[in-house]
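Hi,

Here is the structure I promised to pass on.

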Amino acid sequence: MMFSRLAVASITKRQFSHTVSNATKIAVLGAAGGIGQPLSLLLKLNPFVSDLALYDIHGAPGVGADLCHIDTKSTVKGYLSEYDGLQKTLDGAEVVVIPAGVPRKPGMTRDDLFKTNASIVRDLAKAAAQHCPTAHILVISNPVNSTVPIVAEVFKKFKVYDPKKLFGVTTLDLVRARRFVSELRESDPASEELIVIGGHSGHNFEGQELDNLCKRVQFGGDEVVRAKGGAGSATLSMAHAAAQMTNSLLEAMSGKSGVVQCSFVQSDLYPECAFFSSQVELGQDGVEKVRDIGKINEYEENMLKVCRAELAKNIEKGKTWIAANWE
Ligand SMILES: NC(=O)C1=CN([C@@H]2O[C@H](COP(=O)(O)OP(=O)(O)OC[C@H]3O[C@@H](n4cnc5c(N)ncnc54)[C@H](O)[C@@H]3O)[C@@H](O)[C@H]2O)C=CC1
Ligand SMILES: O=C([O-])CC(=O)C(=O)O
């Protein structure tokens with residue numbers, strides 16, 4: 001559900017590092033899709049990336065051929081499943097970003113995608129656990145609240161699970177919150193340093209205006225699904241958001257300190273939710289610290305209560321499904 005993905009959405013000022021030290025291979029699985037293509041473009045422009053490996057069940061070689069003409073230093077190659085394409089994509093990858101799967105049509109919930117996307121994510125996670133077991137995994141495929149627990153269980157089964165390296169990408173909620181808040185404040189979104197808990201920004205919004213803002217962030221996805229009229233969900237803003245999240249991780253991996261992002265990670269914050277989206281301090285090996293939520297008001301408490309109950313069910317759904325559907 002939407003709210004659980006943005007229960008604690010924090011927005012911090014992001015700086016693009018100019019010290020590029022690491023050679024990093026990144027794999028994008030689902031690279032020929034609506035998100036995959038613009039995301040791959042943005043990653044091609046990222047100076048931390050040395051090799052970009054693109055995988056899809058169709059179209060990835062063409063996307064790779066197109067992107068590899070761009071005059072940045074990274075190499076790009078696109079693979080299909082034939083000729084061990086998935087294995088070649090994943091071999092040596094330090095970061096794997098997964099936007100593979102079907103998007104919503106109007107009238108559907110994210111949970112409606114579960115029956116199709118659960119098995120897609122499971123199979124890709126199995127391949128990653130075998131071919132790049134120490135990679136950081138960034139899951140975009142919906143429903144994120146359930147697909148992330150599926151990846152965790154797969155990695156556990158292969159005895160390679162490192163909770164510090166598994167992320168559900170919830171950055172789009174932050175991107176939207178910054179944009180929507182800046183519209184109301186007539187400010188530059190880049191200058192908005194917000195901590196948003198349950199949609200409450202703590203920046204002078206109250207009453208109806210606060211309700212509207214929370215709802216717009218919570219249901220921003222529906223806004224796009226409706227506007228696209230059956231042609232899918234957010235792709236360009238999502239690609240931007242995923243590129244931001246990936247860049248933060250790459251900055252932290254390269255040794256930069258003080259990198260903080262909001263992500264859906266394994267968490268001890270609430271006992272019923274093994275995973276929770278909140279502010280996370282990133283380091284060279286992934287999650288260094290899940291930050292406390294801090295003080296929240298009654299309005300936020302109430303939203304958080306609803307979120308926790310729903311999120312616990314979403315997580316359990318992923319775990320129960322994978323326990324019964326290993327193949
Ligand atoms: N986390 C978030 O905030 C967001 C998540 N999403 C989710 O991202 C997913 C992708 O969305 P779009 O790119 O718009 O969909 P799309 O349909 O345009 O692209 C998905 C791609 O995945 C590929 N694919 C399918 N099965 C595959 C497999 N087994 N291995 C490799 N590739 C495979 C397809 O061939 C296609 O190219 C959806 O589940 C959507 O709901 C979308 C927006 C925001
Ligand atoms: O709404 C959707 O189906 C896609 C998504 O997660 C978003 O745009 O936040």
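I started with ligand 1, where helix α5 (residues 114–131) gives the largest share of the shell, three residues. Helices here are DSSP runs of H or I with at least four residues, strands are runs of E with at least two, and both are numbered from the N terminus. Before I go on: this is a predicted model, so local features need pLDDT of at least 70 and side-chain atom pairs count only at pLDDT 80 or more, while totals for chains, interfaces and linings use all residues. Residues are numbered from 1 along each chain as its sequence is written, and chains are lettered from A and ligands numbered from 1 in the order in which they are written.

Back to ligand 1. It has 32 residues around it, and G30, G33, G34, I35 and N142 come nearest; "around" means a C-beta atom, placed from the backbone, within 6 Å. By type, the shell splits into 18 nonpolar, 12 polar and two charged residues. (Nonpolar is Ala, Val, Leu, Ile, Met, Phe, Trp, Tyr, Cys and Pro; charged is Asp, Glu, Lys and Arg; the others, Gly among them, are polar.) Domain 1 (24–169) and domain 2 (171–311) each supply at least three residues to this shell, with bounds from an automatic or database domain assignment.

Ligand 2 also draws at least three residues from each of those two domains. Helix α9 (residues 220–228) provides the largest share of its shell, four residues. The residues around ligand 2 include P103, R104, R110 and N142, and the shell comprises five nonpolar, four polar and two charged residues.

Then there is E94, in the loop between α4 (85–90) and β5 (95–98). Is E94 buried or exposed? E94 is buried, because 21 other C-beta atoms lie within 10 Å; the cut-off for buried is 20 or more, with 12 or fewer counting as exposed and anything in between as partly exposed, all with C-beta atoms placed from the backbone. E94 and T134 sit 40 residues apart in sequence but 7.1 Å apart in space, C-alpha to C-alpha.

Helix α7 (residues 171–185) has 15 residues and spans 21 Å from first C-alpha to last, close to the 21 Å expected at 1.5 Å a residue (1.5 Å times one less than the number of residues). Its buried residues include L172, D173, R176 and F180. Just after α7, E186 has a positive phi of about 55°.

Cheers
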